[in-house]
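Colleague: I have just opened this one and could use a guided tour. Could you show me how to read it, feature by feature?

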Amino acid sequence: MSLVGIDKLKVNNFRSYKALELAFDSIPTVVYGKNGVGKTNLLEAISLLYPGKGIRRSSFQDMINKTDNYPWKVEAICRATNNLFELETSSDGKGRVVKIDGKKVPQNNLSSNMKIIWFLPPMDRIWMETSRDRRKFLDRMVFSIDIKHAKRCAQYEKLLRNRNRMLKDRVEDSSWYLSIEKEMAILGFEIDNCRRNFIEKLNTVLTEKNNYFPLIKLSLKDDPIENKEVFFENLISQRGKDLAYGKTNCGPHTNDLQGFYLEKEIDTKYCSTGEQKLSIISIILSNAKLIKEQHKISPILLLDEITAHLDEVRKENLFSELVSLESQFFISGTEVSIFNSLSTKAKFLELDESQKFVA
Ligand SMILES: Nc1ncnc2c1ncn2[C@@H]1O[C@H](COP(=O)(O)OP(=O)(O)OP(=O)(O)O)[C@@H](O)[C@H]1O
Ligand SMILES: [Mg+2]
């Protein structure tokens, strides 16, 4: 098992931070302070040490500190067991540059040594949000296990946009569609298949007797895509209908993630607000366990205000689960007292308006 963690972090011109330097020594960190002091911004900076657009999925332009508009940069010294490596990522608002040990690399390389997963308050409501939000949530988890998944999804989305554009423009000549549909069929089948494989693996962890958090069973709403040939035929036969609607009506982009709360035998969307939150915590903890099992890497967890609305017992259970994961985690909240029971296990970092930290 590779125990991965961030030892040091340097942030420049990022959101509310002009310059910030912190040392974590790869141990869990409690980040606390009043509203608006920069807790989520700090977690967002850390999330950029992983491929993608970070926890808020904002544009790189929005991340630039507004006072003088210089490019932002996040640098970290990380540890994987006893090896140290340096990560650096920066952006002038357009794309972003990634360097590992000083060498420019594609951003996907960020996921080869380190895995980062997160919880943000809006995720509480994932079962009430759109199917698109749930697909994104699922695809990010699939990516944590299978790093080719993000590229597959991006390529499929591009083909889908091209096909939809032709449908909208009422292009009827079949020859314009066939090559796009053939590629969509290959990728669409793979996406569906990888999502299902992931859900099957996650369900084995999620439905294991677990003392603290609810047992959840995940599934996809639509029937599986049998194979790429069947999906290809489907795209061709549905084209007439798609032309009438001006968009592609079948494929992995219309599927939806469903949850079943086993103890109550109901769909998670009918659960109470607290139960919905517990179901998401269960899923995130199981995702972390699955990463450890499949990749032999302890993932880093970024947990923004995760204790909000948890009763005292549930909150303490969460802390025990997190500590037993033996992963580095960053957990934020407005009051330090919430985290009293972590006092001997974590580093405490107070942020204040001057954005100097007090450890
Ligand atoms: N690009 C930016 N440039 C400068 N400041 C920014 C930028 N983006 C956000 N901010 C500011 O950063 C501040 C801190 O935001 P952040 O969301 O990190 O606070 P927080 O500590 O998580 O607060 P809360 O407890 O309310 O969640 C906010 O006042 C926000 O206006
Ligand atoms: Mg916040």
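Colleague: Let's start with one residue: is Glu 172 buried or exposed?

Modeller: Before that, keep in mind that this is a predicted model. Now, over 50% relative accessible area is called exposed. Glu 172 has 61% relative accessibility, so it counts as exposed. You'll find Glu 172 in the loop between α5 (149-168) and α6 (175-206).

Colleague: How far is Glu 172 from His 149, in sequence and in space?

Modeller: They are 23 residues apart in sequence, and their C-alpha atoms are 32 Å apart in space.

Colleague: And at the other end of the scale, how many residues of α1 are buried?

Modeller: Under 20% relative accessible area is the cut-off for buried. In α1, nine of its nine residues are buried, so this helix is mostly covered. Lys 39, Glu 44 and Ile 46 are among them.

Colleague: Next, charges. How many salt bridges does a search of the whole structure find?

Modeller: The general idea is a side-chain nitrogen of Lys or Arg within 4 Å of a carboxyl oxygen of Asp or Glu. Searching the whole structure gives 22 salt bridges. One of them joins the side chains of Arg 134 and Asp 256, at 2.8 Å from N to O.

Colleague: What about Glu 275 and Lys 264, what links their side chains?

Modeller: A salt bridge, at 2.4 Å from N to O. Glu 275 is in helix α9 (residues 273-295) and Lys 264 in the loop between β10 and β11 (266-267), so the bridge ties together parts 11 residues apart in sequence. For cover, Glu 275 is buried at 14% relative accessible area, whereas Lys 264 is partly exposed at 43%.

Colleague: Which residues are linked in a network of salt bridges?

Modeller: Look for Arg 163, Glu 181, Arg 239 and Asp 242. There is also a pair to find by eye: Asp 146 and Arg 152 form a salt bridge at 3.2 Å, N to O, and Arg 152 is buried at 10% relative accessible area.

Colleague: Which residues form the positive surface patch?

Modeller: Lys 53, Arg 57, Arg 132 and Lys 136 make up that patch. Take Lys 53 as an example: it lies in the loop between α1 (39-47) and α2 (60-63), and its relative accessible area of 45% makes it partly exposed.

Colleague: Last topic, aromatic rings. How many aromatic pairs are there?

Modeller: Two rings pair if their centres lie within 6.5 Å, and planes over 60 degrees apart count as edge-to-face. The count here is six aromatic pairs. Tyr 32 and Phe 348 form an edge-to-face one, 6.4 Å centre to centre with 65° between the planes. That pair links distant parts of the chain: Tyr 32 in strand β3 (residues 29-32) and Phe 348 in strand β14 (residues 347-351), 316 residues apart. Both Tyr 32 and Phe 348 are buried.

Colleague: And which residues do ring pairs link into a cluster?

Modeller: Phe 14, Phe 60 and Trp 72.

Key: Residues are numbered from 1 along each chain as its sequence is written. Chains are lettered from A and ligands numbered from 1 in the order in which they are written. This is a predicted model: local features need pLDDT of at least 70, side-chain atom pairs count only at pLDDT 80 or more; totals for chains, interfaces and linings use all residues. Side-chain values use heavy atoms; hydrogens and water are left out. Buried means under 20% relative accessible area, exposed over 50%, partly exposed in between (1.4 Å probe, protein chains only). Helices (H or I, at least four residues) and strands (E, at least two) are DSSP runs, numbered from the N terminus. Patches are made of residues with over 30% relative accessible area and no salt bridge: like charges are joined within 9 Å, nonpolar side chains (Val, Leu, Ile, Met, Phe, Trp, Tyr) within 5 Å. Accessible areas come from the Shrake-Rupley method with a 1.4 Å probe; for residues, only the protein chains shown count as cover. Lys and Arg count as positive and Asp and Glu as negative; His and the chain ends are not counted. The place of a charge is taken as NZ of Lys, CZ of Arg, CG of Asp or CD of Glu. Rings of Phe, Tyr and Trp (its six-membered ring) pair if their centres lie within 6.5 Å; planes under 30 degrees apart count as stacked, over 60 as edge-to-face and the rest as tilted.
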